[in-house]
Amino acid sequence: MLTDTATVQTVLDVCGVFVFALSGALVAVRAGLDLLGLLVLAWVAGLGGGIVRDLFLGITPPVAVSDWRLLAAAVLAALLVFLLHGTWQRAADDAVGGRRRLVSRAVRLLDAAGLALFAVSGALVALANDAGPLAATLIGGITAVGGGLLRDLLAGRVPEVLQRELYALPALAGAALVVLLDRLGVLSTVTVWAAVLLVFAIRVLAVALDLNAPRALRSRDR
């Protein structure tokens with residue numbers, strides 16, 4: 001059981017970087033990129049949100065490029081995908097629905113995990129740096145969606161946050177929950193991980209039920 005804020009923060013960051021880097025590496029494999037491209041997308045997906053967060057908070061150099069543990073997590077995720085993607089492809093080819101559908105599901109599940117971890121982590125870092133409630137909530141949301149946004153742009157895709165099922169809203173809700181727990185004085189290891197699980201569950205449920213934010217009506221929709 002984790003007992004101190006610093007340890008909780010480190011675990012959230014390392015886990016978030018690892019799962020988001022896995023999603024970036026899988027997107028790179030699907031796009032047919034080489035090892036360098038795979039490493040770049042894994043690095044951007046895993047560390048991009050944290051870099052944006054630290055720049056907003058005036059933390060220089062950003063922890064994402066100064067903490068070797070975060071860099072190691074991103075590189076390890078990229079190398080795992082590079083070395084094991086052949087086995088993954090064979091399993092996906094044998095699965096019902098084929099390779100593309102299985103990879104897409106894996107990316108979305110990893111996205112959901114990274115989203116939850118970074119939403120909570122971003123809010124915690126913002127609060128630790130004396131950000132106000134609104135700023136901490138927004139920074140938590142930005143931290144959560146930043147890596148995936150940059151990953152998709154580099155891969156030439158419309159970012160998930162702009163088109164898919166509820167994406168940014170669960171992140172903002174999780175960050176807001178962390179801020180509320182802090183204001184109530186009940187922020188602890190248990191409540192932090194409960195917030196992570198809540199964001200993950202909302203995102204997975206949104207994917208499963210195809211829940212989307214409202215969209216503007218177009219002429220053919222009427």
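## Salt bridges overall

Six salt bridges turn up in a search of the whole structure. The model is a predicted one. Side chains of opposite charge can pair when their charged atoms come close. Several of these pairs are described below.

## A link between H1 and H2

Asp 13 and Arg 53 join through their side chains in a salt bridge, at 3.7 Å from N to O. The two residues lie 40 positions apart and tie together distant parts of the chain. Asp 13 belongs to helix H1, residues 5-30. Arg 53 belongs to helix H2, residues 35-57.

Both partners fall under the 20% cut-off for burial. Asp 13 has a relative accessible area of 8%, so it counts as buried. Arg 53 is buried as well, with a value of 3%.

## Asp 67 and Arg 69

A salt bridge also connects the side chains of Asp 67 and Arg 69. Here the N to O distance is 2.9 Å. Asp 67 is buried, with a relative accessible area of 14%. Arg 69 is partly exposed, with a relative accessible area of 36%.

## A salt-bridge network

Four residues are linked in a network of salt bridges: Asp 111, Arg 151, Asp 152 and Arg 157. Within this group, Asp 152 pairs with Arg 157. Their closest N and O atoms are 2.7 Å apart.

Asp 152 is buried, with a relative accessible area of 1%. Arg 157 is partly exposed, and its relative accessible area is 22%. That value is above the 20% limit, so Arg 157 does not count as buried.

## Packing of H6 and H8

Helix H6 spans residues 133-154, and helix H8 spans residues 168-184. They pack at an angle of about 140 degrees. Their axes are 8 Å apart. Angles over 145 degrees would count as roughly antiparallel, so H6 is classed as oblique to H8. The crossing of the two helices is right-handed.

On the H6 side, the contact is made by Pro 133, Ala 136, Thr 137, Leu 138, Gly 140, Gly 141, Ala 144 and Val 145. H8 contributes Ala 168, Ala 171, Leu 172, Ala 175, Ala 176, Val 179 and Arg 183. By class, the contact holds 11 nonpolar, three polar and one charged residues. Among the residues of H6 in this contact are Gly 140 and Gly 141, and glycine counts as polar here.

Methods. Residues numbered from 1 in each chain as written. Predicted model: local features only at pLDDT ≥ 70, side-chain atom pairs only at ≥ 80, totals over all residues. Heavy atoms only, no water. Axes fitted to C-alpha atoms, helices over the stretch in contact; angles between N-to-C directions. Helix = DSSP H or I, 4+ residues; strand = E, 2+ residues; numbered from the N terminus. Parallel < 35°, antiparallel > 145°, perpendicular 65-115°, else oblique. Left-handed = near helix turned anticlockwise from the far one by under 90°. Contact = heavy atoms within 4.5 Å. Buried < 20%, exposed > 50% of the residue type's maximum accessible area, 1.4 Å probe, protein only.
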